[in-house]
Amino acid sequence: MSSESWPPPLKEWVARCLGQMTDANRAEAQAELRESIANAFAEKTLWTTDWAGVQLKSLMPKAPPMLNSLKRKMNDTPPMSKKAKKAAQKRTDANLDFGDQAALNRRAERFQREHDIERQKSMRGQASLSANNQNAHLFNRISRSDSPSAFGTNPDDPEADPNVLDWDKYTIVGTNQELFKDYLRLTSEPKPETIRPYSVLQQTLIELKKRWKDKVSYNWICNQFKSLRQDLTVQRIKNEFTVQVYEIHARMALESSDMVEYNQCQATLKNLYDLGIPGKHEEFTAYRILMLLHGRNKSELNLYVGTLTPRQKRDPAVQHALRVQRAISMGNYHALFEMYWNAPNMGAYIMDYFIDRERTMALMTMTKAYRTITLCFIQNELGFETVSEALKFVETHGSAFFTNPNAPDRDKTVECKTAAPQLAQVYEEKYRKVGIKGAI
């Protein structure tokens with residue numbers, strides 16, 4: 001079960017306690033564990049308690065019983081002959097074999113039960129995913145919150161396990177009715193009166209899209225979207241609306257050159273898509289391929305491309321991203337810059353981050369193949385809109401060595417032999433290392 005609304009120290013403490021339990025103290029330890037969590041929840045100290053320092057009495061080590069000398073004398077056995085020792089050793093070996101076999105059988109049964117539970121959980125998750133729209137998440141949480149215990153105790157529930165906390169019981173449902181709210185990082189347990197409910201969040205998204213069309217400040221829009229995402233996370237809302245929020249924010253971040261927020265949205269969207277929640281999966285698959293090309297992460301890129309489904313490979317945006325990958329790997333800069341101007345959706349915004357690097361590599365190849373190159377040729381081959389842009393690129397990359405410096409820009413010719421070493425030095429300084437902000 002998901003446990004996003006619980007403090008991480010509490011979850012680590014619960015996991016540590018469960019790992020220390022044995023068959024002898026399990027019942028007593030579970031009762032004490034429930035009582036500790038229930039008391040902290042009632043006193044509203046779940047987020048302030050130092051869980052790492054809490055110790056259950058039932059799990060504290062007990063001193064072994066001391067045997068006095070009289071008992072030791074009573075238990076002393078007389079010396080045994082060699083034949084008696086051999087017979088005793090055989091009986092011990094037989095008992096150990098039987099005990100080992102019994103332990104293996106118990107372990108196999110336990111693994112089989114865990115396998116059955118996991119299989120039922122996955123089947124149940126797939127069946128309930130289609131119903132996880134609109135207010136279905138609220139109904140599910142309210143119906144589960146009727147459980148009297150913090151642990152799953154419903155015998156008909158395949159997920160019920162006395163060692164697993166019922167995290168749904170304490171999920172927050174907001175009551176704040178304000179459409180707009182500034183983003184503040186949580187430093188304590190969230191309160192319902194500061195969280196907006198699902199219906200208000202839907203209206204907030206509509207208003208934010210209107211404000212974006214009216215050209216409001218991106219900083220304000222980003223602040224509001226982060227607050228919206230936080231309210232969704234705190235209430236553990238994961239459905240199509242959640243996907244829509246992250247997709248819209250990601251596009252706005254791309255348009256505003258905010259790669260930190262874009263990468264955060266992209267990482268969350270990947271997890272939501274993996275849950276089977278529908279959205280613009282193919283569009284953001286293409287973006288992810290382009291981002292991996294920007295980061296030069298060849299191993300992860302190859303693994304990711306290998307997981308693409310036939311449906312994803314048929315999508316025009318994904319096909320375009322794969323063609324870009326092929327052009328870069330083959331050094332086909334002519335095809336690369338043609339695809340740069342024909343990128344679907346918002347792919348060109350991501351290509352902007354690595355297109356100058358590829359232009360530099362292409363120009364390095366050209367200076368090795370030609371003695372002289374005209375600026376007009378560089379403009380056409382490297383995908384510049386004007387000759388002035390091509391001239392500016394050549395100047396900023398240390399290769400402005402012209403055979404006719406006084407000629408008009410369109411007729412200027414670059415001397416390749418002189419420009420090549422300077423161009424290689426600039427490439428090493430500017431493009432050898434790639435800086436990625438945020439998780440991809």
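## Salt bridges

A salt bridge is a side-chain nitrogen of Lys or Arg within 4 Å of a carboxyl oxygen of Asp or Glu. This is a predicted model, in which local features need pLDDT of at least 70 and side-chain atom pairs count only at pLDDT 80 or more, while totals for chains, interfaces and linings use all residues. Residues are numbered from 1 along each chain as its sequence is written, and side-chain values use heavy atoms, with hydrogens and water left out.

By the salt-bridge rule, the count comes to 12. One of them joins the side chains of Asp-409 and Lys-412, at 3.4 Å from N to O. Asp-409 is partly exposed, with a relative accessible area of 30%, and Lys-412 is buried, at 11%. Here buried means under 20% relative accessible area, exposed means over 50%, and partly exposed lies in between (1.4 Å probe, protein chains only).

Asp-231 and Lys-181 meet through their side chains in a salt bridge of 2.9 Å, N to O. Asp-231 lies in helix α7 (residues 218–234) and Lys-181 in the loop between α5 (136–144) and α6 (198–213), so the pair ties together parts that are 50 residues apart in sequence. Helices (H or I, at least four residues) and strands (E, at least two) are DSSP runs, numbered from the N terminus. Asp-231 is buried, with a relative accessible area of 0%, and Lys-181 is buried too, at 16%. Together with Arg-196, these two residues form a network of salt bridges.

A further salt bridge has Arg-251 and Glu-283 as partners, with their closest N and O atoms 3.0 Å apart. Arg-251 belongs to helix α8 (residues 240–255) and Glu-283 to helix α10 (residues 281–295), and the pair links distant parts of the chain, 32 residues apart. Arg-251 is partly exposed, with a relative accessible area of 22%, whereas Glu-283 is buried, at 12%.

## Helices α15 and α18

Helix α15 (residues 347–369) packs against helix α18 (residues 416–431) at an angle of about 150°, and their axes are 9 Å apart. Axes are lines fitted to C-alpha atoms, for helices over the stretch in contact, and angles run from 0 to 180 degrees between N-to-C directions. The two helices are therefore roughly antiparallel to each other; angles under 35 degrees count as roughly parallel, over 145 as roughly antiparallel, 65 to 115 as roughly perpendicular and the rest as oblique.

The contact (heavy atoms within 4.5 Å) involves several residues of α15, among them Asp-356, Arg-357 and Met-364, and of α18, including Cys-416, Leu-423 and Tyr-431.
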